[in-house]
Amino acid sequence: MSGTRLYPGPAPADTPDSSDVTTEGAAWLASAETYPRSALAHWRSRPTAPAVLPCGSVFDVVSVPAVFGRRMLDRLWDEGPGSGPVAAHRGRMLLFAAPGTAHRLPSLLEWEEWGSAVPGILCHGTGDAVTVPPITAETGGPATGNPHLDSRWLVAPDARHPWLPGPEVMLWACVRAARAAAGSAVRISIFPGGDQDAKVYDVSRRR
């Protein structure tokens, strides 16, 4: 990772390196707030609590169902420029994008042939806010019953000025993910006994 963890020390063995926000990444997230220093102080006192941040000035967020989001990430990392920070929250994937993406992407999808095949997309921009995962990943597994485990970073912010995809890149990823989903559906109907989706996505490769 390109920065240091906000709370130095060895990470738990079952916690991936990309799950904790670095000091630089936390500063970037806090810059979305009106009072960044207050936000940072709050996170230091409660590092394992989620936060609600405004969109539109520092970043926009594209929210899609988790399975479709996984396909988008596959395309972005395997065939495209990579992604910005990405979080999972209650069955959806939150892809952080450049400001203005939330306004432009829906219009681009309307003109795109495959736009109607993109399921349940939500674009959060100016005037919206999103819940982001804790800056420090919590330990434990599903058996703990901790609701915060439903919110986690897949690609945590690790830079003061991270690269963020714009509306054209997000459109590109949406279209290719929709095509991949359609192709998968065809293969499933022809080969019902096969392994339907054996690919494991590796978020350790950074742009």
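Reply: Start with one term. Two strands pair if DSSP finds at least two bridges between them. This is a predicted model. In it, three bridges join strand 2 to strand 5. These two strands run antiparallel.

Now step back to the whole sheet. Five strands form it, in the order 5-2-4-3-7. The sheet is open, and the pairing is antiparallel. Strands of a sheet pair through backbone hydrogen bonds, either parallel or antiparallel. Which strands stand at the edges? Strand 5 (122-124) and strand 7 do. Each has a single partner strand, so one side of each is left without a neighbour in the sheet. From one strand to the next, the twist averages 25°.

Next, the packing. In soluble globular proteins, nonpolar side chains tend to be buried together. Here the largest nonpolar core has 25 residues. Met72 and Leu95 have the most contacts inside it. Several elements give two or more residues to this core, among them strand 2 (60-65), strand 3 (86-89), strand 4 (92-97) and strand 7 (151-155). Helix 5 gives the most, with seven residues.

Leaving out residues up to four places away in sequence, Met72 touches Val64, Leu95, Met170, Ala173, Cys174 and Ala177. There is also a second, separate core of 24 residues. Val21, Ala26, Ala51 and Val132 are included in that one.

Helix 3 deserves a check of its own. Its buried residues include Phe68, Gly69, Met72, Leu73, Leu76 and Trp77. Arg71, Asp74 and Arg75 are buried as well. What span should helix 3 have? At 1.5 Å a residue, its 13 residues should span 18 Å. The end C-alpha atoms are 18 Å apart, which agrees.

Last, the cysteines. How many disulfides does the structure hold? The structure holds zero disulfides. A disulfide needs two cysteine sulfur atoms within 2.5 Å. For Cys123, the closest cysteine sulfur is in Cys174, 7.7 Å away, so the two are too far apart for a bond. Is Cys123 buried or partly exposed? Cys123 counts as partly exposed, at 22% relative accessibility. Cys55, by contrast, is buried, with a relative accessible area of 7%.

Notes:
Residues are numbered from 1 along each chain as its sequence is written. This is a predicted model: local features need pLDDT of at least 70, side-chain atom pairs count only at pLDDT 80 or more; totals for chains, interfaces and linings use all residues. Side-chain values use heavy atoms; hydrogens and water are left out. A nonpolar core is a set of buried Ala, Val, Leu, Ile, Met, Phe, Trp, Tyr and Cys residues joined through side-chain atoms within 4.5 Å. Buried means under 20% relative accessible area, exposed over 50%, partly exposed in between (1.4 Å probe, protein chains only). Helices (H or I, at least four residues) and strands (E, at least two) are DSSP runs, numbered from the N terminus. Contact means heavy atoms within 4.5 Å. Axes are lines fitted to C-alpha atoms, for helices over the stretch in contact, and angles run from 0 to 180 degrees between N-to-C directions. The expected span of a helix is 1.5 Å times one less than its number of residues.
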